[in-house]
Amino acid sequence: MKLSCEVIRDLLPLYYDKVCSKESSLLIEEHLADCNQCLDELEKLKTCLEKPTISEENIQVMKNISTKWKKDKMIAFSKGSMFVSALAAIICFVAYNVIGSEVLPDGTLVEPFALIPIVYIFILMFIISLICYFIFLKKHKINNK
Ligand SMILES: [Zn+2]
């Protein structure tokens, strides 16, 4: 019995999974012995099923997501650090004014001096975070275009 290539190709997945009858298997093997096209078809089936290949497109999409996520994280981080340093600077500034300065009876001026450089450090931190934030945001926008 001679089967057409079309019938054989329909049966190939079954043959590959070894779920078709012995008779069918024999017929398929017989056909494959002298039909290279169907043999190629079987090879294709094997490579498709054995190696679930991730397409280039999928890889690119995943890469884009990961870089986008990283950038979002950087933006969120600089935003957070901007907020924290601004808050800390304000707290120190307020604390400095609340504590205030007083002149002791012997004439020495008592001030919470330590707070001044701390305020400057936080202001500096705030400026750096602000710059970083805008740099990340700009890069982000460029990449999204
Ligand atoms: Zn064939």
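Start by selecting helix H4, residues 56-99. H4 has 44 residues, and its first and last C-alpha atoms are 63 Å apart, close to the 64 Å expected at 1.5 Å a residue. Bear in mind throughout that this is a predicted model.

Keep H4 selected and colour it by burial. The helix is hardly covered, with a count of 3 buried residues among its 44. Those buried residues are Ser78, Ser85 and Cys92.

Next, pick Asp72, which also lies in H4. Is Asp72 buried or exposed? Asp72 is exposed, because 12 other C-beta atoms lie within 10 Å and a residue counts as exposed at 12 or fewer. From Asp72, draw a distance to Ile121, C-alpha to C-alpha: the two are 26 Å apart in space and 49 residues apart in sequence.

Go to the end of H4. Just after the helix, Gly100 takes a positive phi of about 65 degrees.

Now select the stretches that UniProt, in an unreviewed entry, lists as "transmembrane region": residues 80-99 and residues 114-136. Residues 80-99 are 100% helix and 0% strand, with end C-alpha atoms 28 Å apart. Residues 114-136 are 96% helix and 0% strand, and here the end C-alpha atoms lie 33 Å apart.

Another UniProt feature to highlight is "domain: DUF3955", given for residues 84-135 in an unreviewed entry. Over residues 84-135 the chain is 71% helix and 8% strand. The end C-alpha atoms of that span are 19 Å apart.

How far apart are the end C-alpha atoms of residues 5-38? They lie 7 Å apart, and the span is 82% helix and 0% strand.

Within that selection, pick helix H1, residues 5-16. The end C-alpha atoms of H1 are 16 Å apart, which agrees with the 16 Å that its 12 residues should span at 1.5 Å a residue. Just after H1, look at Lys18, which takes a positive phi of about 55 degrees.

Finally, zoom out and colour the chain by domain. The assignment gives domain 1 as residues 5-50 and domain 2 as residues 56-144. The C-alpha centres of domain 1 and domain 2 lie 66 Å apart.

Definitions and conventions
Residues numbered from 1 in each chain as written. Predicted model: local features only at pLDDT ≥ 70, side-chain atom pairs only at ≥ 80, totals over all residues. Domains from an automatic or database assignment. Helix = DSSP H or I, 4+ residues; strand = E, 2+ residues; numbered from the N terminus. Buried ≥ 20, exposed ≤ 12 C-beta atoms within 10 Å, placed from the backbone. UniProt positions renumbered as here; feature names shortened; annotations may be inferred. Expected span 1.5 Å × (residues − 1).
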